[in-house]
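Colleague: I would like to learn how to read a structure. Could you take me through one, feature by feature?

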Amino acid sequence: MATPVIVTAAVVGAEVTREQSPAVPYTPEEIAGAALDAWRAGAAAVHLHARWPDGRPSQEAHHFREIIDRIRAAGSDVVIQCSTGGAVGMPVEERLGSLVPGAEMGTLNLGTMNFGDEVFVNARPDIVRIAGRLRERKLVAECEVYDAGMLDTLRWLLDKGHLSAPYHVQFVLGVPGGMSGSERNLRFLVEGLPEPTHWTVAGIGRFEMPMAEVALGLGGHVRVGLEDNLFVSKGVLARGSSELVELAVAMARRAGREPATPGQARALLGII
Ligand code: KMH
Ligand code: ZN
């Protein structure tokens, strides 16, 4: 049987705003609601950011705690992944505020890069520090790779013992400043993994669904959601991340793969 597909829903992120789409959630209640809708639509995992009620990005522990509590209170077993990337410009200690009890995974961004017109700073000592915090808290790292050189940083982290299995890799393709979302780029990155591991692709903007399709064929996993893309088709806004999850689930089934349950996702990712 083909490996089930872990569909991860990235329901809010730090950049998109309600001015761009009224479906963007801000409050912990709205973010938890979007996560639950995504889980009901077939997402096995949710990638969480938080916002202040006015929409500013937040890495405040109390926001993440409330989001997770609301998800669990509704009876969901969805895998919880918290962002340590936060928003461009946030100091590392602030970014680490998201790693609250109840988190099961945390992101580990593997390098500094242009991020649109801004710079997303991830100096190597900071990457080591975040990796250390994830290890201390027994969280599975999801390594965010935006460009090919970041795979060398992954190899370096493994060689130096800053990171060890189980970990997960996510290729984020289409950020202006990183690699764009082409099949050739994705194949090149997958071939460049330092050792066999599970991986996901998050295609940004118009790259979301095309990259999901390529990943499904290559045995990878898929991330979708409003953090990455606001549209279901050209000029048509998604009702929410759950609608993008529905599209990804249907695409997976057409490719002969079933969406993973949260339990299957935990087994694949090594979450205990
Ligand atoms: N908001 C981006 C600057 C992550 O979640 O770890 C970083 C980001 C990655 O979203
Ligand atoms: Zn994120």
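Colleague: What should I know before starting?

Modeller: This is a predicted model: local features need pLDDT of at least 70, side-chain atom pairs count only at pLDDT 80 or more, and totals for chains, interfaces and linings use all residues. Residues are numbered from 1 along each chain as its sequence is written, chains are lettered from A and ligands numbered from 1 in the order in which they are written, and side-chain values use heavy atoms, leaving out hydrogens and water.

Colleague: How do I read a helix pair?

Modeller: Start with the terms. Helices (H or I, at least four residues) and strands (E, at least two) are DSSP runs, numbered from the N terminus. Axes are lines fitted to C-alpha atoms, for helices over the stretch in contact, and angles run from 0 to 180 degrees between N-to-C directions. Now the case. Helix H7 (residues 208-218) packs against helix H8 (residues 241-254) at an angle of about 30 degrees, and their axes are 10 Å apart. That angle makes H7 roughly parallel to H8. Angles under 35 degrees count as roughly parallel, over 145 as roughly antiparallel, 65 to 115 as roughly perpendicular and the rest as oblique.

Colleague: Which hand does the crossing of H7 and H8 have?

Modeller: First the rule. A crossing is left-handed if the near helix is turned anticlockwise from the far one by less than a right angle, and right-handed if clockwise. H7 passes H8 in a right-handed crossing.

Colleague: Which residues in H7 and H8 meet?

Modeller: Contact means heavy atoms within 4.5 Å. From H7 come Glu208, Met209, Ala212, Glu213 and Leu216; from H8 come Leu244, Leu247, Ala248, Met251 and Ala252. The residues of this contact divide into 8 nonpolar, no polar and 2 charged. Here Ala, Val, Leu, Ile, Met, Phe, Trp, Tyr, Cys and Pro count as nonpolar, Asp, Glu, Lys and Arg as charged, and the others, Gly among them, as polar.

Colleague: Is Glu243 buried or exposed?

Modeller: Use the cut-offs. Buried means under 20% relative accessible area, exposed over 50%, partly exposed in between (1.4 Å probe, protein chains only). Glu243 is in helix H8. At 15% relative accessibility, this residue counts as buried. Glu243 touches Val232 and Ala238, not counting residues up to four places away in sequence.

Colleague: At what angle do H4 and H5 cross?

Modeller: Helix H4 (residues 124-136) and helix H5 (residues 149-159) cross at roughly 55 degrees, and their axes come within 12 Å. H4 and H5 are therefore oblique to each other. Their crossing is right-handed. Arg124, Ile127 and Val128 in H4 meet Thr153, Trp156 and Leu157 in H5. That contact has 4 nonpolar residues, 1 polar and 1 charged.

Colleague: What does Leu151 touch?

Modeller: Leu151 is in helix H5. At 6% relative accessibility, Leu151 counts as buried. Beyond its neighbours within four places in sequence, Leu151 is in contact with Val145, Phe171, Leu189, Gly192, Leu193 and Pro194. Leu151 and Leu189 are 38 residues apart in sequence, yet 7.9 Å apart in space, C-alpha to C-alpha.

Colleague: Where are the backbone features?

Modeller: Look in two loops. The peptide bond from Ala165 to Pro166 is cis, with omega near 0 degrees. Pro166 lies in the loop between H5 and strand S10 (167-173). Lys138 has phi near 60 degrees, a positive value in a residue other than glycine. Lys138 is in the loop between H4 and strand S9 (140-145). At 70% relative accessibility, Lys138 counts as exposed.

Colleague: Which residues coordinate the zinc ion (ligand 2)?

Modeller: Donors are N, O and S atoms within 2.8 Å of the metal (3.2 Å for Na, K and Ca); water is not among the atoms, so sites may look incomplete. His47 (NE2), His49 (NE2) and Glu227 (OE) coordinate the zinc ion, at 2.1 to 2.2 Å. Their spacing in sequence is H-x1-H-x177-E. Both His47 and His49 are buried.
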